[in-house]
Every structure is written in C-alpha cells, then in structure tokens.
Amino acid sequence: MALAARLERFLTGKGIAYRELEIDQVLSFDAAVMASGRPQDEFIRATPLIDINGVVMAVHGYNTSLDMDLVHKQTGRRLQPLTARQSARLFADCDPGFQPPVGAAYDLPVLVDEDILGYPRALMCCGTDNTLLELDRTSLARALADATQGHLAIRGQNNDERDALTLEEVADKLQKLYRLPPMPALALRILRLTANSEATARELGELIEFDPSLTAQIMRYARSALFNYPGQINSVQEAVTRVLGFDRVAHIALGIASVRAFEVPRQGMLGMDQFWRHSLYNAFVCQRMAPKCQSDKGLAYLCGLLHNFGLLLIGHLFPQEFDELNSLRETNPDASMHSLEQQVFGASNDQQMLAVGHGAIGGILHRLWELPDPVVKAAGMHQHDGYHGEHERYVLMVQLANGLLKDRGIGDEFNPDDVASLASSLGLSDGDVARLNEEIDSVSGELDALALSLSS
C-alpha cells in the first residue's frame, strides 16, 4: 500500500491521523468505491477546476455533482473542470484519475461543500489505484482547514442504503412500471430476415426499399468515401452485392430502423447527434479489430452500433431526467456515467432500478427484442471494467473502441481507460492499436458526415 508522495508528506507534516485501506488494483475511482464494499455516502471526491487565474479544487460527496452556478456565486469565477491531461500534469505523483481531495498537499486553494464536514468519517483517493484513505471527522477537518466552505453541490438524491437489484428484478420492474417501446416493425422484419441463412440480397434490398428514408441512408453509406467504390450504385441490392455485403447492410438498416423507437433530443453530449457519431465510430473500430480478435466482423459491428441503446431508452422514458443527465455530463466531463446515473436516478423508489446504468438497461431491452446474445452482453456489460464471462471478446472490443475514441472527444464519458490492458486481453499488439488509430483518423470525416445525416 502507498500514498502519493506529496499527500503523505502533507499528512505526516501536519500530524493528521489516517488509515490506509488496501483494495484490488482498479481502473477508476468509481471501481475503487465498488471494490471497497463500503457505503457510497462515506466517500468524498475532488473535482479540480480551472480558469485563466489558475486551479481550484472543489471537494464534495461522491454521490453529488457540482452545481457550477453555485461555484460561480461562491468564487465569482467561471471555472471549468480540468481535462485529463491537465490533471495528469498537476497530480504527477498520482495514478490517473486518483487525485486525493486534499488540495493543500498540492498548494491549491480548496472549496469544500459544507455537507461533508459533518461526515463521521470520510473515505477518499490517496493517489494510487490500489489503496483508499480513511479519515475521521477531526482529521478531515484538519486536512481541509484552509478550505472555503459553502453549498457547492447538487445533493445526492439517495443516501439510503438499499439492497442491490438483480438484473432480472430490474427487467421485471421495467416491464411492469413502464411501457417499453416495441422493436419497430421494419427492424423486426430485418432481424427475422438475417436469422434466415437462406435469405438473399434481393430479399434484403426489397425489404429496405419499402422505406424511402432508410433506402436513402443505405445508399449514402454505400456511396461514401469509406468504400471508394468506383462505379454507380443504383439500388440497395447493388449496395449489398457490390459494396457493403449482406451482413453490413442488414446491421446498418437494423440499427437505423431500431432507433425510430425512441424520441430523444438531438442536442448535448448524450443527444441523438452524438449518439450516432459515437455508435458509427465504435461499430467501425469493432469491425476492424474483429479479425485479429477471432470474432465475427458482422456481430462486432452490430455490438458497437447498438451498445448504447440504454441511453436512448432512458431519454425516451424519462425526458426530464435525461435532460438533467445531459446537463451533468456537460459540467462533469471527467466523471463516469455510472456516477452521474447514480446521481440522477438514485432517489425515487420507482426509478432506483435505472441506477444500474444505461448499459444494463440497454442489455435488458436488447434481450426483450431478441437481439443476438453478443449484442445483449456488449450493451449490458460495456460499463463494467475488467469483465470476464460470456461473449467476453465482444464486450472487450466495445470497451477498447470506446477507450480509443475518448482521445478524440467521441463518446459519453471521458474518464481514462487502460487501453493497453484491454488490447492485451484481446491479443492485440501496440502496432495493432496504432493501426486502428490511423484507420480511425483516415475515415473520421466520412463517419462524421454519415452521423449527421442519420440524426437529422
């Protein structure tokens, strides 16, 4: 066990008592909280903020998110969260994402949400990915002695301990409490056609051409510079046979038709514009890495394309809460989606099940829609670091694709991933990852254009 060097010097120099808690090595603070087995309302976190006048550390409860309007009122400054790169430079003695909420150790001014000073004990990061720190109330007060106190955070809506729901219970509650959207008729017909091993390109083309909008989108895809087909493409059947192939056309069409089940705003980091951008990029990356991972290219594409459907379902069923989640995503770019979803959906008995995360919710919907098992698992488990189990390669491919896309500002969360570990688990070399990055860069313009056309 070890503390970050500057934190250890500060605590020792001030004579502040603390206790170290060893945990298994994890990839993120959220994973550390889960691994600890301790109640989440005992944890506090640091959110470093910056403007032209420098850096300020805000310290608040783990189950809260900063209200940036309150921070502005407190400071008179328009502060923004640090990027991961800025945080890495400032907290150079810490593992990425594990900065301790003791700003004085790093010569930073500190704002502290007044609620946490009443905690009987506080658990926190200590700069390393395998250790947590526990301070009692007196020690916490001494560690934050020079901090400015105030009301800074959106209060966690659920601090009561409840037994965790199983996914089966979540699925049952969802079906009983809410009217889940059925798979659109066209999407269902496409899914049934793909299940028929004797289906032909002509049958697929005729099915798609019943829908002029879907036809136009498939044709636009086939004619894009992604494929550089030199001749004319005059029908969906030609797109199937000459350019895209049966599986790719079927999967693209299935994704486009399925999205029509949801009414979700276009704007924001979680809106439909960014959903399509994220989905198309992830699908492309998954398909490109599939042969190296001994996996089916078509299934890999579909896993990437549909892995985030849980967000669409949340937006469709709970527009007000979705707007709140969208706003929290904008103001907390380094927070995990899991923590933000806990923040929004942890309160109401009726909605508590949604705190399991959009991944699990999407997996439940995919199962109800009878999508292929790898697609169900990739959606349901893509938020779970270190996943091992059924259809593991498809889950890891989606996770690795997300990790590579984060550096490009694509996706719904930007807390760091262990890309090297994910690649190693899939048998991919550094050279393989470098080639994937080159391929992403080479098609980014086309994927951006296609995403815009799909969401408009």
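Biologist: Where is Gln-383 found?
Modeller: In this predicted model, Gln-383 sits in the loop that links α18 (373-381) and α19 (392-406).

Biologist: Which backbone nitrogen does its side chain reach at 2.8 Å?
Modeller: That of Gly-359. The Gln-383 side chain also reaches the backbone nitrogen of His-358, at 3.3 Å.

Biologist: And what is Gln-383 in contact with, leaving aside neighbours within four places in sequence?
Modeller: Its contacts are Met-337, His-338, Glu-341, Gly-357, His-358, Gly-359 and Ala-360.

Biologist: Turning to the sheet, in what order do the five strands come?
Modeller: The order is β5-β2-β3-β6-β9, in an open sheet with mixed pairing.

Biologist: Why is one side of β5 and of β9 left without a neighbour in the sheet?
Modeller: β5 (80-81) and β9 (148-150) are the edge strands, and each has a single partner strand, so one side of each has no neighbour there.

Biologist: How many bridges join β3 to β6?
Modeller: Three, between residues 54-61 of β3 and residues 110-113 of β6, and these two strands run parallel. Within β6, Leu-111 is the residue opposite Ala-58.

Biologist: What does Leu-280 touch, not counting residues up to four places away in sequence?
Modeller: Leu-280 touches Tyr-221, Tyr-301, Leu-305, Leu-447, Leu-450, Ala-451 and Leu-454.

How values were computed
Residues numbered from 1 in each chain as written. Predicted model: local features only at pLDDT ≥ 70, side-chain atom pairs only at ≥ 80, totals over all residues. Heavy atoms only, no water. Pairing = 2+ DSSP bridges. Helix = DSSP H or I, 4+ residues; strand = E, 2+ residues; numbered from the N terminus. Contact = heavy atoms within 4.5 Å. Polar contact = N/O pair within 3.5 Å; in protein donor to acceptor, adjacent residues only side chain to side chain.
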